[in-house]
Amino acid sequence: MTAYVPGITETDLKKIVLAIQQLAAGRSNAVGSVTLATGASSTTVTTANCAVSSVPILVPASANAAAEVGNGAMYVSAVTNGAFTIAHPNSATEGRVFLWAVVG
C-alpha cells in the first residue's frame with residue numbers, strides 16, 4: 001500500500017500526522033512488482049524512488065521466479081536515478097514475477 005506524502009509547504013497537522021502514522025505502519029511508495037522479460041537478458045524497473053545509492057531488494061513471487069533465483073544467474077546489474085536493471089538469462093519461461101523494494 002502506498003503512503004500519503006504531504007507537500008513541502010503542508011501546514012495541516014492532521015495530514016502530517018497521517019503520513020508519519022503510515023510510515024510507522026510500514027507503508028512505502030518504494031515497492032512494486034516486476035515480471036522478468038521473456039526473450040531478453042535484462043529487465044528494467046522504472047521507479048521515482050530509486051537513486052544511484054539505493055539498494056533494490058527482490059523477492060520471488062512465483063515458482064518460476066524462485067527457480068530463476070535458484071539457478072544463480074540473476075542479479076541487479078545497474079542502479080540509476082529513477083530505475084534499476086535486473087540481469088537474467090535470456091529465457092522463454094513466462095511468469096517470473098518478483099516483488100521489489102528500494103531502500104535508500
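**Ground rules.** I number residues from 1 along each chain as its sequence is written, and my side-chain values use heavy atoms, with hydrogens and water left out. Since this is a predicted model, local features need pLDDT of at least 70 and side-chain atom pairs count only at pLDDT 80 or more, while totals for chains, interfaces and linings use all residues.

I took helices (H or I, at least four residues) and strands (E, at least two) as DSSP runs, numbered from the N terminus. Two strands pair if DSSP finds at least two bridges between them. I found 3 strands in an open, antiparallel sheet, ordered β2-β5-β4. β2 (42-46) and β4 (75-80) are at the edges with a single partner strand each, so one side of each has no neighbour in the sheet. From one strand to the next the twist averages 20°; axes here are lines fitted to C-alpha atoms, for helices over the stretch in contact, and angles run from 0 to 180 degrees between N-to-C directions. I then looked at β2 with β5 (residues 83-87), which pair in the antiparallel sense over 5 bridges. V45 has F84 in β5 as its bridge partner.

**Entry 2, the sheet with β6.** I found 3 strands here as well, in an open antiparallel sheet ordered β1-β6-β3. β1 (31-35) and β3 (55-60) are the edge strands, each pairing on one side only. The twist averages 30° from one strand to the next. α2 packs on this sheet and touches β3 and β6, with its direction at about 65° to that of β6. Contact, in my notes, means heavy atoms within 4.5 Å. β1 and β6 pair over 5 antiparallel bridges, and the bridge partner of G32 in β6 is W100.

D12 caps the N-terminal end, with a side-chain oxygen 3.0 Å from the backbone nitrogen of K14. Just after α1, G26 takes a positive phi of about 95°. I call a residue buried under 20% relative accessible area, exposed over 50% and partly exposed in between (1.4 Å probe, protein chains only). Q22 in α1 counts as buried at 13% relative accessibility. Not counting residues up to four places away in sequence, Q22 touches T2, A3, Y4 and R27.

A67 counts as partly exposed at 47% relative accessibility. E68, also in α2, counts as buried at 6%. Beyond four places in sequence, E68 is in contact with L36, M74, P89, R96 and F98.

A nonpolar core is a set of buried Ala, Val, Leu, Ile, Met, Phe, Trp, Tyr and Cys residues joined through side-chain atoms within 4.5 Å. The largest one has 12 residues, among them V34, V45, F84 and W100. β5 and β6 (97-103) each supply at least two of its residues, and β6 gives the most, with 3. V34 is in contact with T43, V45, I86, R96, V97, F98 and W100, leaving aside neighbours within four places in sequence.

Definitions and conventions:
Polar contact = N/O pair within 3.5 Å; in protein donor to acceptor, adjacent residues only side chain to side chain.
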